[in-house]
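Dear colleague,

Please find below the structure that I am handing over to you. My notes on it follow directly after.

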Amino acid sequence: MKKGYFITFEGGEACGKSTQIKMLREYLSKRDNSDDFLFVREPGGTPLAEEIRKLLLNYEVDKPLPMTELLLFCASRVENVYKQILPALNNGKIVIADRFYDSTIAYQGNARGIMSSKDILSLTKKIIGGLTPNLTFYLKISPEEAFKRKSKMDEGMDRIEKEGLLFHQKVKEGYDFISNLEKDRFYILDATKSPQEIFDEIINVLKVKIPEYFTEEKSLDEKNF
Ligand SMILES: Nc1ncnc2c1ncn2[C@@H]1O[C@H](COP(=O)(O)OP(=O)(O)O)[C@@H](O)[C@H]1O
Ligand SMILES: [Mg+2]
């Protein structure tokens with residue numbers, strides 16, 4: 001039986017995670033073995049975790065304290081890991097997550113400074129039983145470049161604000177910390193390349209890391225052309 005394999009996508013806002021995940025989902029959906037792959041999102045993923053997501057995103061009504069925010073992210077992750085991710089991995093599936101605990105280290109740890117990155121790492125590992133991704137694609141981009149992309153997306157944001165840029169810098173430092181500490185699982189991608197170039201690199205890496213999921217069956221594209 002195939003072993004499960006856990007892949008995460010990480011990087012600051014606007015580095016291109018959703019873009020790559022969408023391309024991957026489309027590519028895999030055309031394959032005969034598309035059922036081998038499960039896409040999950042954070043926060044969220046189960047009915048209860050989706051409710052927690054709503055609480056986290058509904059900041060305007062009653063903005064959570066930073067520590068509450070951290071614990072809500074953790075609560076959502078516990079639900080998602082034990083009810084969805086681990087059962088899928090135990091069934092031999094490839095689980096692909098848009099963000100995981102590296103985001104908590106970068107955002108709630110390094111950027112917001114709620115706890116040290118080291119403490120967040122040990123907390124998060126405790127609550128999810130030590131589950132660690134097998135492979136993490138880190139879309140690396142300079143804080144300036146990411147901030148420019150984000151400014152373009154946010155209507156009404158017409159100048160670069162200093163806190164915004166500083167925040168992006170801290171997020172990047174958080175990612176640099178964890179990607180150095182757990183080097184073996186990280187594959188760093190240059191997020192300034194074109195979406196297609198990045199995607200081609202991702203597929204090449206997957207074919208090396210999980211060849212058993214890419215043999216025999218071919219995508220419809222490969223069959224037709
Ligand atoms: N490789 C790329 N080069 C230039 N722009 C990109 C690239 N990848 C994504 N974008 C654009 O950057 C913005 C953020 O992309 P998105 O995939 O939503 O990022 P994330 O999910 O990491 O926040 C979008 O407008 C998207 O079209
Ligand atoms: Mg996204």
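A residue is called buried here if 20 or more other C-beta atoms lie within 10 Å of its own, exposed if 12 or fewer do, and partly exposed in between, with the C-beta atoms placed from the backbone. By that criterion, 34% of the 225 residues in the protein chain are buried.

Please note that this is a predicted model, in which local features need pLDDT of at least 70 and side-chain atom pairs count only at pLDDT 80 or more, while totals for chains, interfaces and linings use all residues. Residues are numbered from 1 along each chain as its sequence is written, and chains are lettered from A and ligands numbered from 1 in the order in which they are written.

Overall architecture

The protein chain has nine helices and five strands; these are DSSP runs, numbered from the N terminus, with helices (H or I) of at least four residues and strands (E) of at least two. Along the sequence they follow the pattern β-α-β-α-α-β-α-α-β-α-α-β-α-α. Two residues are in contact if their C-beta atoms, placed from the backbone, lie within 7 Å. Among contacts between residues at least 6 apart in sequence, 78% join residues at least 24 apart.

The sheet

The five strands form an open sheet with parallel pairing, in the order E2-E3-E1-E4-E5; two strands pair if DSSP finds at least two bridges between them. Strands E2 (37–41) and E5 (186–190) stand at the edges with a single partner strand each, so one side of each has no neighbour in the sheet. On average, neighbouring strands are turned by 20° against each other, direction ignored. Angles run from 0 to 180 degrees between N-to-C directions, and axes are lines fitted to C-alpha atoms, for helices over the stretch in contact.

E2 pairs with E3 (residues 94–98) in the parallel sense over five bridges, and leucine 38 stands opposite valine 95 in E3. Helix H3 (residues 66–90) packs on the sheet, where it touches E1 (5–10), E2 and E3, and its direction makes about 165° with that of E2.

Strand E4 (residues 135–140) is mostly covered, with five of its six residues buried. Four bridges join E4 to E1, and these two strands run parallel; threonine 8 stands opposite threonine 136 in E4. E4 also pairs with E5 in the parallel sense, over five bridges, and phenylalanine 137 has tyrosine 187 in E5 as its bridge partner.

The core

A nonpolar core is a set of buried Ala, Val, Leu, Ile, Met, Phe, Trp, Tyr and Cys residues joined through C-beta atoms within 7 Å. The largest one has 40 residues, and those with the most contacts inside it are Ile94, Val95, Ile96 and Leu139. Leaving aside residues up to four places away in sequence, leucine 139 touches Gly11, Cys15, Gly16, Lys17, Leu189 and Ala191.

Helices H4 and H5

Ten of the eleven residues of H4 are buried, so this helix is largely enclosed by the rest of the structure. The buried residues of H4 include Tyr101, Asp102 and Ser103. The axes of H4 (residues 101–111) and H5 (residues 117–127) come within 9 Å and cross at roughly 140°. Tyr101, Thr104, Ile105, Gln108, Gly109 and Asn110 in H4 meet Ser117, Ile120, Leu121 and Thr124 in H5. H4 is followed by glycine 113, whose phi is positive, near 70°.

With kind regards
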